[in-house]
Amino acid sequence: MTYLFDSNLVRAFLNHHLLVLKNLDRKVEQGHEIALPSIVVAEQMRGRYDALCKADAQNFLMEQTRWLETEAVIRFFRTIYLTDAGVTHWERMAQRVQLKKRHNDAIVAATALAHNAVVVTRNTKDFRDLLPADKLENWIDLLY
Amino acid sequence: MSTATATITERKLFQIQVFHYPAEQGERWKAAVDGLPVQAEGDSREAVLAEVQQQLTAVLSNGETVSLALNGTAAKAEPETAPAEAGVGRVGDPNPPPISEAEMAEIEARLRARGFVHFGVFKNDPGAFDLFDEIERQRDLRTFGGEPVSE
């Protein structure tokens, strides 16, 4: 099974969150793969590029280091791209769901559906109506 | 267990937990809706889903959803955010045992051996996480369904 990290899981991973690391260890030992949806990669890189472009002399090197570290993390994980099937899922969500949803959450969910993957996020309620329960896990608060 | 989706009037969608298990003659099926007094049991998946849909329609036609403010007055239901639900997502242990330093060291060693060397890379750099707050803010600005977020 492929597990897709949402942005808040990347944050917890980079912040050495103990339960996230324990869940990660268990899943990897079971042979599962951890990957990043392309929209999460884009969000990370856009943020780092923006920070670097806005940096002054006092913080340029610090932002450059953060950018390089982020690039290294992204290179380590496989990026899972949105496909035509994923776009179809996304469009159906936009037509079907009546509660307000965030497009990037829907893109993460659609990527998971198209690749039969599980989304790992703390914001499980944001994915309500977007994913079935068995495609959603919260490694920050729950042990699997 | 599997999950099915039922559509009631006005295209409201419900996640339904569907179970089946062996019985003396064939198998039995059960279906239930989280958070609502709706469940059914029968000889086929189709039968229990039809029963659940019928019960859901009945339950919803006799009920309403309100939000209660702290002073006890009914407030307008908030359509933008789904209510927090303990049952959203796969069930895990909400009270995991504490992780000892020794256990954590073993976990870290196993992860590093598998190439996971970047965990905690920003642990001592709180400013590095401003990015993630901005990501959430940007996500809030681009939505569909319900009322748009004011900028």
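These legends walk through a few close-up views of a predicted model. Local features here need pLDDT of at least 70 and side-chain atom pairs count only at pLDDT 80 or more, while totals for chains, interfaces and linings use all residues. Residues are numbered from 1 along each chain as its sequence is written, and chains are lettered from A and ligands numbered from 1 in the order in which they are written.

**View 1. Helix 1 of chain A, a mostly covered helix.**
After the helix comes A:His16, with a positive phi near 60°.

**View 2. Helix 3 and helix 4 of chain A, side by side in contact.**
The axes of helix 3 (residues 38-54) and helix 4 (residues 60-76) of chain A come within 9 Å and cross at roughly 165° (axes are lines fitted to C-alpha atoms, for helices over the stretch in contact, and angles run from 0 to 180 degrees between N-to-C directions). That makes the two helices of chain A roughly antiparallel (an angle over 145 degrees). Residues in contact (C-beta atoms, placed from the backbone, within 7 Å) include A:Val41 and A:Leu52 of helix 3 and A:Trp67 and A:Ile74 of helix 4.

**View 3. Helix 5 and helix 6 of chain A, packed at an angle of about 130°.**
Helix 5 (residues 84-96) and helix 6 (residues 103-114) of chain A have axes 8 Å apart. The two helices of chain A are therefore oblique to each other. Among the residues that meet are A:Gly86, A:His89 and A:Trp90 of helix 5 and A:Ile107 and A:Leu113 of helix 6.

**View 4. Where chain A meets chain B.**
This contact takes 48 residues from chain A and 43 residues from chain B. Helix 2 of chain A gives the most to the side of chain A that touches chain B, with 7 residues. Look also for strand 4 (101-102) of chain A, which pairs with strand 7 (residues 143-144) of chain B in the antiparallel sense over 2 bridges (pairing needs at least two DSSP bridges). A:Arg102 stands opposite B:Thr143.

Methods
Helices (H or I, at least four residues) and strands (E, at least two) are DSSP runs, numbered from the N terminus. Angles under 35 degrees count as roughly parallel, over 145 as roughly antiparallel, 65 to 115 as roughly perpendicular and the rest as oblique. Two residues are in contact if their C-beta atoms, placed from the backbone, lie within 7 Å. A residue is buried if 20 or more other C-beta atoms lie within 10 Å of its own, exposed if 12 or fewer, and partly exposed in between; C-beta atoms are placed from the backbone.
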